[in-house]
Amino acid sequence: IYLIQLKNRRKHTASTKTRSEVRGGGRKPWKQKGTGRARAGSSRSPLWTGGGVSFGPKPHITKKKANKKERRLAILSALYLKKQQFVFVEENLLNDFIEIKTKNVKQLISKLNLKDNSKLLFVLSKPNKHLWLAARNLKNVELTTANCLNLEQLLKANHVILSNASLELINSTYGKNYE
């Protein structure tokens with residue numbers, strides 16, 4: 001699933017011009033017969049200097065689909081792997097961000113006895129714009145909601161900071177459904 005995410009993120013933007021896209025080459029360079037030279041229809045043929053490229057790269061989209069059950073299982077496995085790195089906090093600590101200050105997020109991180117340079121993932125039960133605005137300036141801090149968990153974020157994080165409410169939401173969203 002992680003490799004699928006990486007593959008889908010990639011943009012194939014390399015581009016070359018074919019013989020129809022290269023400027024010029026409308027007139028036949030010399031007549032078809034009687035010159036003793038090979039026949040030529042355009043001066044922009046791929047065989048000529050200044051001509052188009054035969055099989056060059058073109059921008060294209062590659063998408064690979066991941067099944068819902070596979071994605072759910074991958075996220076559950078990643079959560080199980082990161083179980084030792086969970087840091088539980090009270091819900092009101094994450095929701096009480098009235099001021100949009102990065103300093104407040106740094107204080108919260110130091111209060112939780114976490115290193116400043118370790119990758120942190122905050123998992124919120126509901127979106128909090130103030131906390132997101134306060135934390136977006138920190139390169140090692142990422143925020144997500146419990147129902148939008150991303151496998152790449154989980155695998156790269158050294159510590160996952162979440163509340164009991166977000167853990168319940170994770171269990172209800174990604175837990176096993178026996179139907």
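Where is Asn113 found? Asn113 lies in the loop between H4 and E2, where helices (H or I, at least four residues) and strands (E, at least two) are DSSP runs numbered from the N terminus. The structure is a predicted model, in which local features need pLDDT of at least 70 and side-chain atom pairs count only at pLDDT 80 or more, while totals for chains, interfaces and linings use all residues. Residues are numbered from 1 along each chain as its sequence is written, and side-chain values use heavy atoms, with hydrogens and water left out.

Asn113 has a positive phi of about 60° although it is not a glycine. Asn113 counts as exposed because its relative accessibility is 68%; exposed means over 50% relative accessible area, buried under 20%, and partly exposed in between, with a 1.4 Å probe and protein chains only. Arg23 is found in the loop between helix H1 (2–9) and helix H2 (68–81). With a relative accessible area of 77%, Arg23 is also exposed. The C-alpha atoms of Arg23 and Ala165 are separated by 62 Å, and the two residues are 142 apart along the chain.

The largest nonpolar core comprises 19 residues. Such a core is a set of buried Ala, Val, Leu, Ile, Met, Phe, Trp, Tyr and Cys residues joined through side-chain atoms within 4.5 Å. The residues with the most contacts inside the largest core are Val105, Ile109, Phe122, Val141 and Ile161. At least two residues of this core are supplied by each of H4, E2, helix H5 (129–135) and strand E3 (141–145). A second, separate core has 16 residues, including Ala78, Val123, Ala146 and Leu151.

Contacts (heavy atoms within 4.5 Å) were listed without residues up to four places away in sequence. On this basis Val105 touches Phe97, Leu131, Ala134, Ala135 and Leu138. Lys106, placed in helix H4, touches Asp116 and Leu138. Lys106 is partly exposed, because its relative accessible area is 40%.

Leu149 is placed in the loop between E3 and H6 and is buried, with a relative accessible area of 8%. Its contacts beyond four places in sequence are Ile75, Leu79, Val123, Thr144, Leu154, Ile170 and Tyr174. Of these, Ile75 is 74 residues from Leu149 in sequence, and the C-alpha atoms of Leu149 and Ile75 are 7.6 Å apart.

A search of the whole structure gave one cavity of 30 Å³ or more. On a 1 Å grid over the protein atoms alone, a cavity is a set of points where a 1.4 Å probe fits but cannot get out, whereas a pocket is an open set with protein on both sides within 12 Å along at least five of seven lines; lining residues have an atom within 4 Å of a point. Grid points are joined across faces, edges and corners, and a volume is the space filled by probe spheres set on the points. The largest cavity has a volume of about 40 Å³. Strand E2 (120–124) and helix H6 (151–156) are the elements that give two or more residues to its lining. The lining consists of Lys119, Leu120, Leu121, Asn140, Glu142, Gln153, Lys156 and Ala157. Among these residues, Asn140 is placed in the loop between H5 and E3 and is buried, with a relative accessible area of 12%. Leaving aside neighbours within four places in sequence, Asn140 is in contact with Asp116, Asn117, Ser118, Lys119 and Leu120.

The second largest pocket holds about 160 Å³ of space. Leu93, Asp96, Phe97, Ile98, Glu99, Asn104, Gln107, Leu108 and Lys111 line this pocket. Helix H4 (residues 102–111) provides the largest share of the lining, four residues.

Two aromatic pairs were found in the whole structure. Rings of Phe, Tyr and Trp (its six-membered ring) pair if their centres lie within 6.5 Å; planes under 30 degrees apart count as stacked, over 60 as edge-to-face and the rest as tilted. Phe86 and Phe88 form an edge-to-face pair, at 6.1 Å centre to centre and 85° between the planes. Phe86 counts as buried at 18% relative accessibility, whereas Phe88, at 43%, counts as partly exposed.
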